[in-house]
Amino acid sequence: MAGFGWKLHGDGKSPAPGAVVKPDERLSWGRTVGLGAQHVVAMFGATFVAPVLMGLDPNLAVMVSGVATIFFLLVTGGRIPSYLGSSLSFVGVAAVIKAQGGDAATLTGAMLVVGAVLAACGAAVKAAGARVIHVVLPPVVTGAVVMLIGFNLAPVTAGTYWPQDQWTALLTMLFTGLALVVLRGFWSRIAIFLGLVFGYTISWVFDRIFGKIHAANGAGAVTDHWRLDLSGVDKAQWLGLPTLHAPSFSASAVLVALPVVVALIAENAGHVKAVGEMTGDPLDDRMGAAIMADGAATMISTSVGGPATTTYAENIGVMAATRVYSTAAYWCAAGFAILFGLCPKFGAVIAAIPGGVLGGITVVLYGMIGLLGAQIWVHNRVDLTNPLHLVPVASGVIIGIGNVSLKFSDTFSLSGIALGTLVVLIGYHVLRLMAPAHMRQQQSPLLDEGTSEYDGGTSDC
């Protein structure tokens with residue numbers, strides 16, 4: 001299988017003027033290892049925030065992200081340089097499943113099924129060609145689904161994290177927003193990570209100055225407690241395996257999670273398209289393999305209790321900034337991630353992130369996820385004055401954001417993300433069959449191009 005035997009690019013020190021280091025090339029091994037470490041820092045923020053928000057082990061998430069990345073590189077033959085980190089698209093799903101009485105095993109079981117469906121979709125794309133994505137999931141649909149997934153999370157921030165420490169949340173939100181806007185290059189790629197560090201520090205300072213806070217804790221009980229509790233860090237070992245658990249399966253949980261497949265397909269398609277354009281090597285023929293690899297990697301991760309995986313815009317952004325697309329750097333990054341995952345003390349530091357800090361981060365993060373839907377519409381020139389687009393989108397987004405429910409029986413109902421996605425997807429295609437010709441002729445470009453401005457500092461994971 002291809003993917004090894006990288007050629008040295010030039011003198012091995014930096015790309016030649018106007019050139020890029022292609023996936024089958026590398027710089028010197030010292031620089032390649034350094035780039036690998038840089039990729040790990042870039043993915044840290046979202047990769048360990050996602051499992052924390054979903055109630056999963058962040059140590060395990062970081063470790064399996066390394067395993068998933070290696071798997072992805074092998075399946076795609078080393079042609080697509082990408083890092084597979086924790087998917088934030090399932091955070092809303094996790095909240096719904098928890099509200100239904102599900103636990104971490106129920107969540108990972110639902111994500112495993114989604115991974116299997118994603119892998120099957122990848123196989124279909126590989127057999128039928130990349131254009132099948134545009135036919136089944138045009139930008140008007142994918143944009144709406146991404147939007148409702150992000151905005152459905154608003155009550156989680158407002159009701160769970162923000163009340164734990166509103167002032168720390170506010171300061172963290174302001175700092176993170178400032179970092180995203182003011183910082184440039186690599187530093188803008190890790191703005192979420194910097195926001196977490198800032199919030200962590202502010203919480204420690206506030207504890208020293210003001211003492212314990214009287215507010216809701218993570219369980220929702222109002223008590224006097226320290227904002228930053230590091231007792232678990234002292235007890236944690238330096239070396240050890242993360243906590244593993246087997247998935248369990250619930251039909252209702254799977255139904256809640258399945259709509260995320262739409263977002264993951266759009267995300268993978270946009271990322272692969274962007275990498276192909278930046279390297280000058282069109283990768284449409286590898287689109288199906290990439291989607292299939294991501295789905296299979298999700299199955300591997302969730303089978304041991306980890307989160308679902310997805311390609312990361314943060315890391316694609318690092319490549320755009322450095323012009324180094326060598327898959328050798330990603331092998332190094334994967335190795336570093338696996339080593340970090342074997343350090344329980346590192347996981348304990350992550351688990352100690354105060355709720356108020358998560359409140360400030362999630363205000364920005366969830367809003368960014370939702371607005372990526374609008375970004376897909378803008379980049380694909382979706383005409384929302386067209387009733388064929390407007391009606392299913394308007395209905396589905398409101399259902400998703402408002403968590404509207406449709407009860408079929410005492411044991412089965414659809415609500416929120418699942419119901420909103422079905423309304424958008426089925427509504428669009430049914431209405432398209434009945435719409436006059438002039439409405440159907442308004443087509444958007446292929447493959448949701450531009451789901452992220454990789455050279456401009458934004459990210460979408």
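How many helical turns separate Phe 206 and Phe 210 in helix α10? The two residues are 4 apart, so the separation is about one helical turn. Helices here are DSSP runs of H or I with at least four residues, numbered from the N terminus.

The model is predicted, so local features need pLDDT of at least 70 and side-chain atom pairs count only at pLDDT 80 or more, while totals for chains, interfaces and linings use all residues. Residues are numbered from 1 along each chain as its sequence is written, and side-chain values use heavy atoms, with hydrogens and water left out.

The structure holds 3 aromatic pairs (rings of Phe, Tyr and Trp, the last by its six-membered ring, with centres within 6.5 Å; planes under 30 degrees apart count as stacked, over 60 as edge-to-face and the rest as tilted). One of them is the stacked pair of Phe 175 and Phe 198, with 4.3 Å centre to centre and 0 degrees between the planes. This pair links distant parts of the chain, from helix α8 to helix α10, 23 residues apart. Phe 206 and Phe 210 form an edge-to-face pair, at 5.4 Å and 70 degrees. Phe 206 counts as buried at 16% relative accessibility, whereas Phe 210 counts as exposed at 57% (buried is under 20% relative accessible area, exposed over 50%, partly exposed in between, with a 1.4 Å probe and protein chains only).

Charges meet rings too. The charged end of Arg 208 sits over the ring of Trp 226, 5.8 Å from its centre (NZ of Lys or CZ of Arg within 6 Å of the ring centre and within 35 degrees of the ring normal).
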